[in-house]
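Here are my notes on the model. Please read them with the structure open.

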Amino acid sequence: ISHDLRTPLVTVTGVLSSLRDEGMHLSDQARHELLDTACSEAERLNRFVGNLLDMTRIEAGAIRLNLELCDIQDLVGCAMAAIKPRVGNHLITISLPDDLPMAFMDLVLMTQVLVNLLDNALKYSLPEGAIEISSYSERGWLVLMVADHGPGVPEQDLKRVFDKFYRIPVPEGVGGTGLGLSICKGIVEAHGGTIRAENRAGGGLLV
């Protein structure tokens, strides 16, 4: 965790030092690239710190739900808007039946759940890999799924993906605090729901 928090700080500090010391001699393109890098790393640091604070709230039982009747399409739309800057070349497909019932939820917190699931899928998919969002209603429950085509998770570790700080060892170089899915679990359970993960027959993970 210390490494994951320090890395973006070091990058942002390095960019600011370069702009301070060499800014007058840098081309417009070089300055642009440095600023883009700094912004990207600052956003990553903000997500890391946000995850740590959210996990603290969950463990302290400090989550207070603002329940309202919500349309699942609104939930998906909010999450897609939040994740858009990080989608890159991935193809995200959405399959939502027209007759899906509305459900009581805290829209802000459940948007965070979906964003975390999509972030996870983006990290562990190929650069142009497909990601699917789908939903259906069953026996009075609303089921929401995010599926990717990444490496999946070793069968013996499927339950551990929701543990704090757990990260699968592949692909190499994937960063993160290992808190995203544990935060999802805390928020979903606060709503009275459940969350689980399973490997897909054709490869990838379904949550």
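**Notes on the fold, helix packing and core**

1. Start with Asn116. Neighbours within four places in sequence aside, Asn116 is in contact with Asn51, Gly180, Ile183 and Cys184. Contact means heavy atoms within 4.5 Å. Asn116 sits in helix α4. Asn116 is buried, with a relative accessible area of 10%. Buried means under 20% relative accessible area, exposed over 50%, and partly exposed in between, with a 1.4 Å probe and protein chains only.

2. Basis of the values. This is a predicted model: local features need pLDDT of at least 70, side-chain atom pairs count only at pLDDT 80 or more, and totals for chains, interfaces and linings use all residues. Residues are numbered from 1 along each chain as its sequence is written, and side-chain values use heavy atoms, with hydrogens and water left out.

3. Overall layout. The protein chain has five helices and seven strands. Helices (H or I, at least four residues) and strands (E, at least two) are DSSP runs, numbered from the N terminus. The order from the N terminus is α-α-β-α-β-β-α-β-β-α-β-β. Along the principal axes, the C-alpha atoms fill a box of roughly 65 × 40 × 35 Å. Of the 207 residues, 39% count as buried. Among contacts with a separation of 6 or more, 70% come from residues 24 or more positions apart.

4. Helix α2. This helix has 32 residues. From first C-alpha to last, α2 reaches 47 Å, close to the 46 Å expected at 1.5 Å a residue. The expected span is 1.5 Å times one less than the number of residues. Buried residues of α2 include Ala38, Glu41, Leu45 and Phe48. Gly61 follows α2, with a positive phi near 65°.

5. How do α2 and α5 pack? Their angle is about 35°, and their axes are 10 Å apart. Axes are lines fitted to C-alpha atoms, for helices over the stretch in contact, and angles run from 0 to 180 degrees between N-to-C directions. α2 contributes Asn51, Asp54, Met55 and Ile58 to the contact, and α5 contributes Ser182, Ile183, Gly186 and Ile187. These residues divide into four nonpolar, three polar and one charged. Here Ala, Val, Leu, Ile, Met, Phe, Trp, Tyr, Cys and Pro count as nonpolar, Asp, Glu, Lys and Arg as charged, and the others, Gly among them, as polar.

6. Helix α5. Leu181, Ser182, Ile183, Cys184, Gly186, Ile187 and Val188 are buried in α5. Their cover includes α2 and α4. Just after α5, Gly192 takes a positive phi of about 85°.

7. The core. The largest nonpolar core has 42 residues. Such a core is a set of buried Ala, Val, Leu, Ile, Met, Phe, Trp, Tyr and Cys residues joined through side-chain atoms within 4.5 Å. Leu117, Leu118, Val146 and Ile187 have the most contacts inside this core. Elements giving two or more residues to it include α2 (28–59), α4 (107–124) and α5 (180–190). α4 gives the most, with ten residues. Leu117 touches Val146, Leu181, Cys184, Ile195 and Val207, not counting residues up to four places away in sequence.

8. One backbone value to check. Arg139 has a positive phi of about 50° although it is not a glycine. Most residues other than glycine have a negative phi. Arg139 lies in the loop between β4 and β5 (141–147). Arg139 is exposed, with a relative accessible area of 80%.
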